[in-house]
Each structure stands twice: as C-alpha cells, then as structure tokens.
Amino acid sequence: MNIAQVDYDGLIPNNVALGQDVRVKRALEKWHPGYLNWWNDMGPEGFQESLVYLRTAISVDPKGWAKFDYVRMPEYRWGVLLAPQMEGRKVNFGMHKGEDAWQEVPGEYRAMLRRLVVIQGDTEPASVEQQRFLGKTAPSLYDMRNLFQVNVEEGRLLWAMVYLLQKYFGTDGREEAEALLQRRSGDPDTPRMLGAFNEKTPDWLSFFMFTYFTDRDGKMQLEALAQSGFDPLSRTCRFMLTEEAHHMFVGETGVTRVVQRTCEAMKEAGITDPNEIEKVRKLGVIDLPTIQKKANLHFSLTLDLFGNEISTNAANAFHAGLKGRYREDRLKDDHQLESGTYPVLRLIDGKIQNEDSPALSALNMRLRDDYVVDANAGVGRWNKVIEGFGIPFEIKLPHVAFHRHIGEFSSIKADVNGHLMSDADWAKRQSEFLPSDGDKDFIESLMKPQMEPAKFASWIAPPKVGIDNKAGDFEYVKLA
Ligand SMILES: [Fe+2]
Ligand SMILES: [Fe+2]
C-alpha cells in the first residue's frame, strides 16, 4: 500500500490501513454518528444543505494533496490521515534522546500523553462552535467558502486526535473521545478546556483575527507535538500542519483585505488622518484604530493559551520526550536542557523584567516567544499596505503583559506598551485598547451578508486570486 495515498473505499477515509484494524475501525464507526450529530447541531448554521467548493485531502504528499469539488458539508469525507512514517526515526530530545521513537504509548507516560492529545483535540470542535453563525453574515461567497473550509478541517483535526485516543488509549481513550463531543464552547456547565476557545467570534473581523492569531497558536502547539517521540502523534501533527497553514492564510489575507479597503476608501474620500474615526466609519469601512483594538484583543487572548511562563508540566513533557520545542530538530544545543537557562519576562518588585530561569521550566515562555516572532511577520505585511497609501498608522502587537488572564501578568493591569496601571485607570481607559460596546455595535452594523458571486461587502477588498485559481465571479457556494 502506498502510504501517501488515501483509501476512500470505506466509511472513513484513511491511510492507516483501517480495514485491517477491526477494533479501531469499529470504535471509530461507533463514534461517527455522534460526530455527525455534533456537526449538525453545532456546525455552520443554515448552510448544511448548500454545495460548497471544498478541498478534500486525497494524499499526504505535501505537494498536491488536495482535490476540489462541490460538497454538502455533512457529506464531507472526514478521515484519518498521518504523514508517512520516517524510517529509523528517533526520540530527538529529553531523557530518552537517541532511543527509537515509540510506536506504542510508553506505559509511564500514558496519562501525560493522553492529556496532551485531549487538550489539542478539544480546541478543534470548539472553534467550529465559535464560528457557527458567521455564514449568515458572510461578506462574500468566497469568504463563506473559506469559513466552511476551515470548519470542516477543524472537524478533521478532531478526527485526527480521536483516532489516536481510540487506537492507543483503550477505554479511557474512548471516554475522552465521547467527552470531546459533549463539551461546548462558552457553556457555563460544560465549557471547552481553554479560555480563548470559550470566547465569542461575533463578527468577521474577529474571525480573521482568530484564524490569524489563535490558529497560529495551533500551529505552534502542533509544531511542538510534531517533534514528539511518540511517533503516531508526530505523524498526525505533521499532516495537520499542512491544513492549519490554510487557516492562517485566511486570517492573514482577511485582515489584509479589510485594511486595504479602509485605506482605499480613506484615499477616495481624501481623509489622511486615521483618527478621524467617525468620518472613516461613514464610508462603510472599519477604521484602523478599531482594527488595532481587535488585534489587541485576539493577540492577548491567544497568549493565554501558552499557559504559565514557568511550568512543571511543560518541563515534564519535554523531559519525557513527548512535546518538543518549536522546530526542535533545527535547534543546535544538547536537546536535554538539564543545565541551560532562558530569559523569562516576570513581575519583580513591581517591575516587568527579564529573569534567567532554568530552560526546562521556561518552555512555555519560549514557545510563546517563538509565537510572537511568527505573529509579527504578518502584521508587517498589513503595515506595508497602510504605508503604500501613505497613511500615518502602524498596527502593533501589544506588550505581552497587556490584558492577560493566565500567568505572570494575570494579577496586574498594563497598557499596550507594558506600563502598569491601577485598576481604576484600567476601568477608565480600557476602551482605548480593547473594542468598546460602541465599536462592537459599529462592526455589527456592517455585518450584512453579500451572497452574490463576484460581490463583496463594503468593508473588505476582493482577494487577489481565487481559491483553486477560480475566476472572480466563481460561485464558491451554491446556496440551498
Ligand atoms: Fe484547530
Ligand atoms: Fe485551524
């Protein structure tokens, strides 16, 4: 069997020879109806019968792995896809460095590994739940299609994690797979596991910011898990990363197009001052300061996903060889970190300053630093657009101490430059940094659907190229 090719004969497309693995095949077939119920209840509302021009993976070859076709979302072929096994792969870090990578779960790490899989798995359905009403206000059929592509793929990423649970974790794995379908984003009694995945995604600018900032946390976590000494997890995550790339593309180009449209409208109207908010808003576009506030919100919520700066769990997972650093295999050091240090930004004597901490305990901090660098690259591209119009405005990521609910800075208030503020000051000034009710109402007033091919809402520019190189008037979604 060619591992790069996906077997589409059975109910569950896969490249893991599921046909010969009766126990796991049955377990997944049993889980499948519950998944479909969840999708029908919590997936995109109002569009389950529409034909959507979606890509489906037909191979795990990074070049040319997808085919495009019209699909009704509930009939999307969700499946189990792992990147090909690398011959002679070793554990590349931690105390087991140099041993053969594990093909079965090492008994002593079972609980730790299961938790890593469940936490990752829980984010996948959560984002679908958060985005379920957005189809109704899509600014174009092109954007609607991208939303649904992201949604079906988040569903696929859930399948990826559920396969690991069912195949490698026995009865507990089965129970965890069920629980992944029971929790609900934002539910007070049975919320999703991580904070950012219980927030609302109320409008399309939030959606683009979420896919830019929060899906990028997904990328960082998957990169770290792709290094795992537990080979099936590594292979799963390596393929997931090819799908994740598109989600961040949707976010980055989405924000770019919003910025582009705002700048165009300002130029047409002869407005040069980005702070003339009311005048800009009258043009039916989103003013740059409000875009900045949305970025502040989504960036800060996403930083919380990296957990405490100093973390024993992260140290243990690394030491055990289960979760590496970002692109561990390209780093040049001993990959064990028993002695090194890493600078951690901390609150010391009421001041925010760096402190050298044992490298092993500082792994969350390090992954977060790598994330900030990665996130900054796209922000630079947004600013290029603004610069091209000669408008004096620069979008900036806020300081990492700003608006935090987890870790070192959760106990203080800081402005976007990292200056400490009193609670009273914060209460007075927070709407300078985060979207106010007025900002939210304004954005909501723009969220009118545009469902004619080739047309776009007032506040967003068309994309430079179509999906699958389709022409501008292509009907990406055939509404039912
Ligand atoms: Fe995801
Ligand atoms: Fe994603």
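A residue counts as buried when its relative accessible area is under 20%. Keep that cut-off handy for the exercises below, and remember that this is a predicted model.

**Exercise 1. Which residues hold the iron ion (ligand 2), and are Glu154 and Glu244 buried or exposed?**

Step 1: Start with the donors. The iron ion (ligand 2) has Glu154 (OE), Asp215 (OD), Glu244 (OE) and His247 (ND1) as its protein donors, at 1.9 to 2.2 Å.

Step 2: The spacing reads E-x60-D-x28-E-x2-H. Glu154 sits in helix H3 (residues 141-168) and Glu244 in helix H6 (residues 231-269), so this pair ties together parts that are 90 residues apart in sequence.

Step 3: Apply the cut-off. Glu244 has a relative accessible area of 2%, so Glu244 is buried. Glu154, with 3%, is buried too.

**Exercise 2. What is the arrangement of the four donor atoms around the iron ion (ligand 2)?**

Step 1: Recall the ideal. Four tetrahedral donors would give angles of 109.5 degrees.

Step 2: Check the limits. To count as tetrahedral, four donors need all angles between 85 and 135 degrees.

Step 3: Compare. Here the four donor atoms subtend angles of 89 to 171°, which makes the arrangement irregular. Just don't forget that water is not among the atoms, so a site may look incomplete.

**Exercise 3. Which residue coordinates both iron ions, and how far apart are the ions?**

Step 1: List the donors of the other ion. The iron ion (ligand 1) is coordinated by Glu124 (OE) and Glu154 (OE), at 2.0 to 2.1 Å.

Step 2: Glu124 is in helix H2 (residues 110-130) and Glu154 in helix H3, 30 residues apart, and the pair links distant parts of the chain. Glu124 is buried as well, because its relative accessible area is 2%.

Step 3: Find the shared name. Glu154 coordinates both ions, and the iron ion (ligand 1) and the iron ion (ligand 2) are 3.4 Å apart.

**Exercise 4. How many bridges pair strand E3 with strand E4, and in which sense?**

Step 1: Count. Eight bridges join strand E3 (residues 341-348) and strand E4 (residues 351-358), in the antiparallel sense. Tyr342, for example, faces Ser357 in E4.

Step 2: Look at the turn. This hairpin has two residues between its strands, and Asp349 takes a positive phi near 50°.

**Exercise 5. What span should helix H10 have, and what do its end C-alpha atoms show?**

Step 1: Work out the expected span. The rule is 1.5 Å times one less than the number of residues, so the 26 residues of helix H10 (residues 363-388) should span 38 Å.

Step 2: Compare. The end C-alpha atoms of H10 are 39 Å apart, which agrees. After H10 comes Gly390, with a positive phi near 70°.

**Exercise 6. What kind of aromatic pair do Tyr35 and Trp38 form?**

Step 1: The whole structure holds 31 aromatic pairs.

Step 2: Take the geometry. The centres of Tyr35 and Trp38 are 5.6 Å apart with 40° between the planes, making the pair tilted.

Note on methods
Residues are numbered from 1 along each chain as its sequence is written. Chains are lettered from A and ligands numbered from 1 in the order in which they are written. This is a predicted model: local features need pLDDT of at least 70, side-chain atom pairs count only at pLDDT 80 or more; totals for chains, interfaces and linings use all residues. Side-chain values use heavy atoms; hydrogens and water are left out. Donors are N, O and S atoms within 2.8 Å of the metal (3.2 Å for Na, K and Ca); water is not among the atoms, so sites may look incomplete. Four donors count as tetrahedral if all angles lie between 85 and 135 degrees; four count as square planar and six as octahedral if opposite donors are over 155 degrees apart and all others between 65 and 115; anything else is irregular. Helices (H or I, at least four residues) and strands (E, at least two) are DSSP runs, numbered from the N terminus. Buried means under 20% relative accessible area, exposed over 50%, partly exposed in between (1.4 Å probe, protein chains only). Two strands pair if DSSP finds at least two bridges between them. Rings of Phe, Tyr and Trp (its six-membered ring) pair if their centres lie within 6.5 Å; planes under 30 degrees apart count as stacked, over 60 as edge-to-face and the rest as tilted.
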